[in-house]
Each structure stands twice: as C-alpha cells, then as structure tokens.
Amino acid sequence: MKYITSWSGGKDSTASIILAHENNEPLDLIIFSEVMFDKNISGELPEHIDFIKNKCIPLFESWGYEVKILHSKNTYIDLFYRMVKKSKIESRNGKIRGFPMNMGCHMNSNAKIPPIREFWKSQDENVMQYVGIAIDEPLRLDRVVQSENQTSLLQKYGYTEQMAKNKCIEYDLLSPIYEFANRGGCWFCPNQKMQELRHLRDNHRELWNKLILLSKEDCANPYFNTFRKTTVDDLEEQFMWEDKQMTIFDYEKENISEVKNETVT
Ligand code: SF4
C-alpha cells in the first residue's frame with residue numbers, strides 16, 4: 001500500500017502532513033497541483049507559492065517526504081485566448097473565450113483537476129489517499145468514511161478545522177493568505193471576495209495590471225465576475241474611489257479633534 005496526500009498549502013491539508021509526521025503515519029508522497037497564469041507566472045498568489053516552495057517543501061523533504069508539483073499543459077492565458085467555436089449564443093463564436101465563468105470555472109476543469117486525475121490514473125499500486133477533512137465537516141467526512149481508499153488523519157486524531165489551524169501555527173506553517181482570506185485559490189479567481197481582490201490590487205499591482213490589460217480584449221465573456229456582471233474596470237474604479245474617500249472613522253476622528261480644539265479655546 002502506498003500512502004499519498006494531495007496538498008494545497010491550506011491549513012487542513014498542511015495539518016494532515018504535520019499529523020503524519022508527529023505520529024509516524026506512513027506517507028510516501030505529497031502532491032501539489034500548481035495552476036499557472038502563463039508559462040512563467042504562477043496562478044497562486046506570490047506569498048502563497050513562496051510559502052509552498054521555499055518554506056514547506058524544504059521542511060517536508062527534511063522530514064523524509066517526497067513532494068511532487070503537478071502542472072497542466074493549459075495555462076490561464078492559453079484558456080483565455082482559446083477561440084469559442086460552438087456556442088449556442090452565435091455572437092460568442094469566433095471570439096476569444098475571455099475570463100472564466102465563475103459558476104463553472106474553466107480553470108478548475110481544464111488546469112487544476114486534470115493533472116491530479118492523470119496522476120491518480122497513473123498509480124498502479126494500491127493507494128491510500130489522505131484527505132484534509134476535519135471532524136466538524138460531517139458531510140464531506142461521510143464520503144471519506146464510505147471510500148475504501150481514502151482516510152482522514154484529522155478525523156483519526158479528532159481535529160476540528162480550528163485545531164488544524166492551531167497545529168499549523170504551532171509549526172509556523174500557516175500560509176500568509178490567512179491574513180486576508182479564509183481560503184486559497186488563483187489570484188485571478190472570479191469567485192474571490194472583495195477583500196481578496198483588494199489585496200491583489202494593493203499588494204501585487206503588476207498582476208492586477210495584467211487583468212486590466214486582458215479586460216481590454218474583445219472577449220466572448222467580458223465580465224471578470226459573471227455572477228455580479230462586474231468587469232475589472234468596474235472594480236478598479238470602485239477601489240480608486242474608495243481610496244479617495246474619507247472613511248467614517250477618519251471623519252469622526254476629524255470631528256472629535258475639532259470639538260476638542262473648540263472646547264480648549
Ligand atoms: S481558485 Fe478560482 S480560478 Fe482557480 S481553479 Fe478554483 S475556481 Fe477556478
């Protein structure tokens with residue numbers, strides 16, 4: 001039996017690896033599927049991929065674990081510029097595809113999942129897969145319990161999601177993404193929350209500018225977020241005005257100091 005874990009760098013899958021290490025559980029291989037923006041730029045946020053490659057992997061290797069990074073042949077840019085040919089909406093045909101549709105992200109089905117699926121297919125031995133599912137996720141855990149070749153170390157050692165997070169903190173292995181988000185994902189993900197997009201724009205302007213440039217293309221799907229029908233330009237404008245606005249907090253602070261000054265004089 002070969003023991004393998006699929007790892008995202010998130011708290012649950014990282015805590016599972018720590019638990020394997022602490023408890024001498026067998027672990028033969030850790031796999032990480034890295035989505036790419038183009039041939040050179042990762043789809044992971046820079047601070048997350050740095051955490052993965054320069055902090056976690058060297059440590060896991062020092063614990064004796066092999067880590068394999070999987071890549072799809074498709075990048076975000078490949079999919080963005082792919083021509084639409086058979087759309088039922090005639091006006092879309094002949095145009096480049098554009099941004100992923102958030103309700104069925106084509107990055108997930110064309111770039112994130114295929115290398116993982118191919119990897120599992122290539123395994124001819126009996127394999128047991130560790131999945132990072134905590135005891136306070138009963139619905140997801142039910143599926144694991146019913147499977148013969150999946151198991152959860154978080155369940156075995158009675159870990160909730162919060163306990164998994166604490167375990168990562170204990171080993172200084174909590175991804176920096178948790179400072180501004182409660183999930184990982186691609187930096188161009190259309191499902192991101194506003195504060196994550198804000199983080200991208202404020203901290204990785206060079207990546208944000210790439211989205212602005214792409215949004216100028218004549219795409220079949222011009223919306224960055226199809227659910228909210230938002231474009232990158234809409235978001236840029238919103239953030240720009242937010243930056244210019246005085247916050248209520250600033251306003252109150254200013255008024256309080258004015259009142260104080262009046263009282264003193
Ligand atoms: S994180 Fe977002 S963009 Fe990336 S694969 Fe998942 S849904 Fe798609």
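Biologist: Among contacts between residues at least 6 apart in sequence, what share joins residues at least 24 apart?
Modeller: The share is 65%. Keep in mind that this is a predicted model.

Biologist: OK. How many helices and strands does the protein have?
Modeller: The secondary structure comes to 11 helices and 7 strands.

Biologist: And what does the C-alpha trace span along its principal axes?
Modeller: About 75 × 60 × 35 Å.

Biologist: What percentage of the residues count as buried?
Modeller: 27% of the 265 residues.

Biologist: Let's look at helix α8. Which of its residues are buried?
Modeller: Helix α8 covers residues 194-203. Leu-197, His-199, Leu-200 and Arg-201 are buried there.

Biologist: What do those buried residues pack against?
Modeller: Against α9 (205-214) and α10 (232-244).

Biologist: Switching to strands. Do β2 and β3 run parallel or antiparallel, and how many bridges join them?
Modeller: They run parallel, with 5 bridges between β2 (residues 29-33) and β3 (residues 66-70). The chain gets from β2 to β3 through helix α2, residues 46-62. That β-α-β crossover is right-handed.

Biologist: Which residue in β3 is the bridge partner of Ile-30?
Modeller: Val-67.

Biologist: Now the ligand. Which residues are around it?
Modeller: Val-35, Pro-100, Cys-105, Met-107, Asn-108 and Lys-112, then Gly-185, Cys-186, Cys-189 and Asn-191.

Biologist: How does that shell split by class?
Modeller: There are 6 nonpolar, 3 polar and 1 charged residues. Lys-112 is on the list around the ligand, and Lys counts as charged.

Conventions. Residues numbered from 1 in each chain as written. Predicted model: local features only at pLDDT ≥ 70, side-chain atom pairs only at ≥ 80, totals over all residues. Buried ≥ 20, exposed ≤ 12 C-beta atoms within 10 Å, placed from the backbone. Helix = DSSP H or I, 4+ residues; strand = E, 2+ residues; numbered from the N terminus. Contact = placed C-beta atoms within 7 Å. Near = placed C-beta within 6 Å. Pairing = 2+ DSSP bridges. Right-handed = clockwise from strand over helix to strand, strands pointing away.
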